[in-house]
Amino acid sequence: VRIPGHDAMDAVKEYVDAHQEVYIERLRESVEIPSVSCEPERRPEVDRMGMWLRDWILRLGGTVEVHELGNQTLQSGESLKLPPIIAGQVGTDPAKKTLLVYGHYDVQPAEKSDGWDTEPFQLVEKDGKLWGRGSTDDKGPILGWLWVVEAHQNLGLELPVNLKMVFEGMEESGSVGLDEWIMGQRGKFLSDVDFVCISDNYWLGTKKPCITYGLRVLVYF
């Protein structure tokens, strides 16, 4: 079934609204994984978050390539394994355009003693808002793409594009290893991408998505 237009989009929106509690519980599960990339003792949790995403993409019928990036040498001289790039794909129709979504599954450090009213790695609803480290930066946004795929599948609707996903685990620590990986993917995973969406931005309030046209150090025309 190809998406016919507004009727299908309305159906997706209704599906999303009806499954809000399901999405919140899944977000809660991801927030409870303290994937802090800059803390060596929590680096295994970053890997665990990456595998959590891998498992969900596979569950939705997608394919996943887990790209290991090697080790990182810290200033102390300690060698630490880098979290992998999770490269997922849903759809391979040559008649469709291919959209690449970028996001990250690591988070900044957080402790309640930093000034949080609640435990940062426990998702809490307060005054109609959800509080938890990573809920907006960037676990909530990247999970949203997976639930859009799921909604289309459960409604019997065809996605209008092929979807590729690149999720990294070092964005909060300088994206170590990402540049080299991208350069190495010429003619490979990134070869047939038509559009790129950086899914690491914010909304203007609760009803308006914010479309970002430029980022620091980059020039767009």
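**Backbone, packing and burial**

Analyst: Start in a loop: Asp 127 lies between β6 (124-126) and β7. Helices (H or I, at least four residues) and strands (E, at least two) are DSSP runs, numbered from the N terminus. This is a predicted model, where local features need pLDDT of at least 70, side-chain atom pairs count only at pLDDT 80 or more, and totals for chains, interfaces and linings use all residues. Residues are numbered from 1 along each chain as its sequence is written, and side-chain values use heavy atoms, with hydrogens and water left out.

User: What is the phi of Asp 127?

Analyst: Most residues other than glycine have a negative phi, and most peptide bonds are trans. Asp 127 has a positive phi of about 55°, although it is not a glycine. Ser 175 also has a positive phi, near 55°. Ser 175 sits in the loop between β8 (162-168) and α5 (178-184).

User: Is Asp 127 buried or exposed? And is Ser 175 buried or exposed?

Analyst: Buried means under 20% relative accessible area, exposed over 50%, and partly exposed in between (1.4 Å probe, protein chains only). Asp 127 is exposed, because its relative accessible area is 73%. Ser 175 has 18% relative accessibility, so Ser 175 counts as buried.

User: Which peptide bond is cis?

Analyst: The bond from Asp 137 to Asp 138 is cis, with omega near 10°. Asp 138 belongs to the loop between β7 (129-131) and α4.

User: How do I read helix packing? At what angle do α3 and α4 pack?

Analyst: Axes are lines fitted to C-alpha atoms, for helices over the stretch in contact, and angles run from 0 to 180 degrees between N-to-C directions. Angles under 35 degrees count as roughly parallel, over 145 as roughly antiparallel, 65 to 115 as roughly perpendicular, and the rest as oblique. Helix α3 (residues 43-59) and helix α4 (residues 139-155) pack at about 15°, with axes 11 Å apart. So α3 is roughly parallel to α4. Their crossing is left-handed, meaning that the near helix is turned anticlockwise from the far one by less than a right angle (clockwise would be right-handed).

User: Which residues of α3 and α4 make the contact?

Analyst: Contact means heavy atoms within 4.5 Å. From α3 come Met 49, Trp 52, Leu 53, Trp 56 and Ile 57; from α4, Lys 139, Ile 142, Leu 143, Leu 146, Trp 147 and Glu 150. For classes, Ala, Val, Leu, Ile, Met, Phe, Trp, Tyr, Cys and Pro count as nonpolar, Asp, Glu, Lys and Arg as charged, and the others, Gly among them, as polar. This contact has nine nonpolar, no polar and two charged residues.

User: How do α2 and α3 pack?

Analyst: Helix α2 (residues 20-31) and α3 pack at about 150°, axes 10 Å apart. That makes α2 roughly antiparallel to α3. Arg 26, Glu 29 and Ser 30 of α2 meet Met 49, Trp 52 and Trp 56 of α3.

User: Is Arg 26 buried or exposed?

Analyst: Arg 26 counts as buried, because its relative accessibility is 13%. Leaving aside neighbours within four places in sequence, Arg 26 is in contact with Trp 52, Trp 56, Leu 143, Trp 147 and Glu 150.

User: Now the whole chain. How many helices and strands are there?

Analyst: The protein chain has five helices and eleven strands. Of its 221 residues, 40% count as buried. Among contacts between residues at least 6 apart in sequence, 70% join residues at least 24 apart.
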